[in-house]
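Work through the exercises below with the structure open beside you. Try each task before reading its solution.

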Amino acid sequence: MQATAYTYDPDTRSGQVLLDDGTPVPFDAPAFDAGGLRLLRPGQRVRIETDGPKERPRITLVTLQTF
């Protein structure tokens with residue numbers, strides 16, 4: 001699934017992404033670390049993987065969107 005980086009705190013390695021419908025979804029350090037990134041800037045297009053129900057997804061991976 002694709003999203004846009006919304007917030008990112010480099011100290012905690014956590015933040016939020018915006019889904020294409022504008023819904024903010026938080027991610028934690030393990031999801032960020034799973035993607036192998038070192039930094040994330042607001043506005044970057046990212047690929048995410050989620051787990052759990054569609055109405056309350058939990059992000060398990062955040063990485064840069066590549067084509």
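**Exercise 1: Salt bridges**

The model is predicted, and its salt bridges come to a count of 4.

Task: Find which residue forms a salt bridge with Arg 13, and state how far apart the closest N and O atoms are.

Solution. 
- Step 1. Recall the cut-off: a side-chain nitrogen of Lys or Arg must lie within 4 Å of a carboxyl oxygen of Asp or Glu.
- Step 2. Look at Asp 33. Its closest approach to Arg 13, N to O, is 2.8 Å, and the two form a salt bridge.
- Step 3. Arg 13 sits in the loop between strand E1 (2-9) and strand E2 (14-19), while Asp 33 belongs to helix H1 (residues 29-34), so the pair ties together parts 20 residues apart in sequence.
- Step 4. Check accessibility. Arg 13 has a relative accessible area of 32% and is partly exposed. Asp 33, with 39%, is partly exposed as well.

**Exercise 2: Further charged pairs**

Task: Name the salt-bridge partner of Arg 47 and that of Asp 51.

Solution. 
- Step 1. Start from the general idea: side chains of opposite charge can pair when their charged atoms come close.
- Step 2. Take Arg 47. Its partner is Glu 49, with the closest N and O atoms 2.9 Å apart.
- Step 3. Take Asp 51. Its partner is Arg 58, and here the closest N and O atoms are 3.6 Å apart.
- Step 4. Classify the residues. Glu 49 does so at 37%. Asp 51 is partly exposed at 43%, and Arg 58 is partly exposed at 46%.

**Exercise 3: The sheet**

Task: Give the order of the strands in the open sheet, then pick out the edge strands.

Solution. 
- Step 1. Read across the sheet. Its 5 strands follow the order E3-E2-E1-E4-E5, and the pairing is antiparallel.
- Step 2. Find the strands that pair on one side only. These edge strands are E3 (24-27) and E5 (58-64).
- Step 3. Note the turn. On average, neighbouring strands of this sheet are turned by 40° against each other, direction ignored.

**Exercise 4: Bridges and hairpins**

Task: Work out how many bridges join E1 to E2, E2 to E3 and E1 to E4.

Solution. 
- Step 1. Begin with E1 and E2. They pair antiparallel over 6 bridges. Asp 9 has Ser 14 in E2 as its bridge partner, and Thr 4 stands opposite Leu 18 in E2.
- Step 2. Inspect their hairpin. It has 4 residues between the strands, and Arg 13 takes a positive phi near 55°.
- Step 3. Move to E2 and E3. This antiparallel pair has 4 bridges.
- Step 4. Finish with E1 and strand E4 (residues 45-51). They run antiparallel and are joined by 3 bridges. Thr 4 stands opposite Arg 45 in E4.

**Exercise 5: Two faces of E2**

Task: Sort the residues of E2 into a covered face and an uncovered one.

Solution. 
- Step 1. List the covered face: Gly 15, Val 17 and Leu 19.
- Step 2. List the uncovered face: Ser 14, Gln 16 and Leu 18.
- Step 3. Link this to the pairing.

Note on methods
Residues numbered from 1 in each chain as written. Predicted model: local features only at pLDDT ≥ 70, side-chain atom pairs only at ≥ 80, totals over all residues. Heavy atoms only, no water. Buried < 20%, exposed > 50% of the residue type's maximum accessible area, 1.4 Å probe, protein only. Pairing = 2+ DSSP bridges. Axes fitted to C-alpha atoms, helices over the stretch in contact; angles between N-to-C directions.
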